[in-house]
Amino acid sequence: MPTGANSKKKYTYIWVSFIILIFGIIFIPRIVNQLKSGSVIKKDRMSVGSLKNSVGFIVNNGQKRKVPAFSFLNQDSLLISDKDYLGKVYVVEFFFTTCPTICPIMTKNLVELQNTFNDYEDFGVASFTINPRYDAPTVLKKYAQRYGITDMDWHLMTGDRDEIYRLAQEGFYIVANEVEDAPGGFEHSGMFALVDKQGYIRSRDDENGNPLIYYRGTITEKQAVSAEGEPQQITMLKEDIKKLLLEE
C-alpha cells in the first residue's frame with residue numbers, strides 16, 4: 001500500500017501526464033497544419049528579410065545622397081521639376097527612344113512597376129532622355145503611347161543635353177554619354193535608381209553588407225537570369241518600393 005509521499009507523487013505524475021495529453025490534442029495538429037502550409041516558415045523568413053533587406057540611405061562623405069534640383073519638359077510639354085516628385089516614391093532611369101538594345105527592356109520593366117503600383121497615388125517614374133536633340137516632347141509622347149505608359153506621375157523628360165548629362169553623372173553617378181561607336185550613338189547605364197518621398201536615393205544592402213545603390217533594369221522577372229548569369233532585380237525593386245511607400 002503506497003505511503004502518503006508516494007501517493008502524492010503518483011497523483012502528480014498523473015496530473016502532468018494529463019496536461020501533456022491535452023496540449024498534444026489541442027496544439028500539435030495546429031502546428032502540423034502550419035508546417036504543412038508553410039506559414040511558420042514564411043513568417044520567419046519575412047521577419048529575417050525585413051531586417052536584412054531594409055532600404056537604407058546612400059551616404060557620401062557623411063551626407064545622405066539626395067536628388068539634385070532639376071527642371072525639364074515632359075511628354076505633354078509641361079515643366080516638371082524635382083519638387084513635383086516630393087511626397088512620392090519614384091524610380092529614375094536614363095534612356096533614349098531610338099535605343100536599339102537595352103531601353104525597350106528597361107521600359108517594359110518600368111511598365112511592370114507601373115501596373116504593379118497602379119493603385120498608389122504616391123508612386124511615380126522619372127525617365128530622362130540622353131538624346132534630347134531628337135527626343136522632343138512629341139517624340140516622347142508617341143513612345144509613351146507605344147509602350148502603354150499611362151501613369152500620370154511617369155514623366156518622360158527632355159531639355160538641355162548638358163544639364164541632363166550632369167544630372168546623370170554628378171547627381172546619380174550613372175553613365176550617360178554620346179559615343180559614336182556605341183549602339184544607337186549613345187552609351188548609358190541600364191540601372192534604375194530608387195528615390196524616397198523626401199528625395200533621398202535609397203537601396204538595400206547586398207550580400208556583403210554594402211549598399212546595392214542601383215537596381216538592374218535590363219533583365220525581366222520572366223527572364224530571371226541574363227546570358228552572363230546576372231539575376232533579375234525587379235522583384236527586389238518591387239519589395240523595396242513597397243517598404244518606402246509605407247514610410248511617412
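Residues are numbered from 1 along each chain as its sequence is written, and side-chain values use heavy atoms, with hydrogens and water left out. Because the model is predicted, local features need pLDDT of at least 70 and side-chain atom pairs count only at pLDDT 80 or more, whereas totals for chains, interfaces and linings use all residues.

Strand β8 covers residues 154-157; helices (H or I, at least four residues) and strands (E, at least two) are DSSP runs, numbered from the N terminus. In a regular strand, side chains alternate between the two faces of the sheet. In β8, W154 and L156 lie on one side and H155 and M157 on the other, and all are buried, that is, under 20% relative accessible area with a 1.4 Å probe and protein chains only.

Strand β7, residues 123-129, pairs with β8 in the parallel sense over four bridges; pairing requires at least two DSSP bridges between two strands. Within this pairing, S127 has L156 as its bridge partner.

Helix α3, residues 103-116, contains I105. Residues buried in α3 include C103, M106, L110 and L113, whereas I105 is partly exposed at 29% relative accessible area, between the 20% limit for buried and the 50% above which a residue is exposed. I105 touches G217, T218, I219 and T220, not counting residues up to four places away in sequence; contact means heavy atoms within 4.5 Å.

Methods. The expected span of a helix is 1.5 Å times one less than its number of residues.
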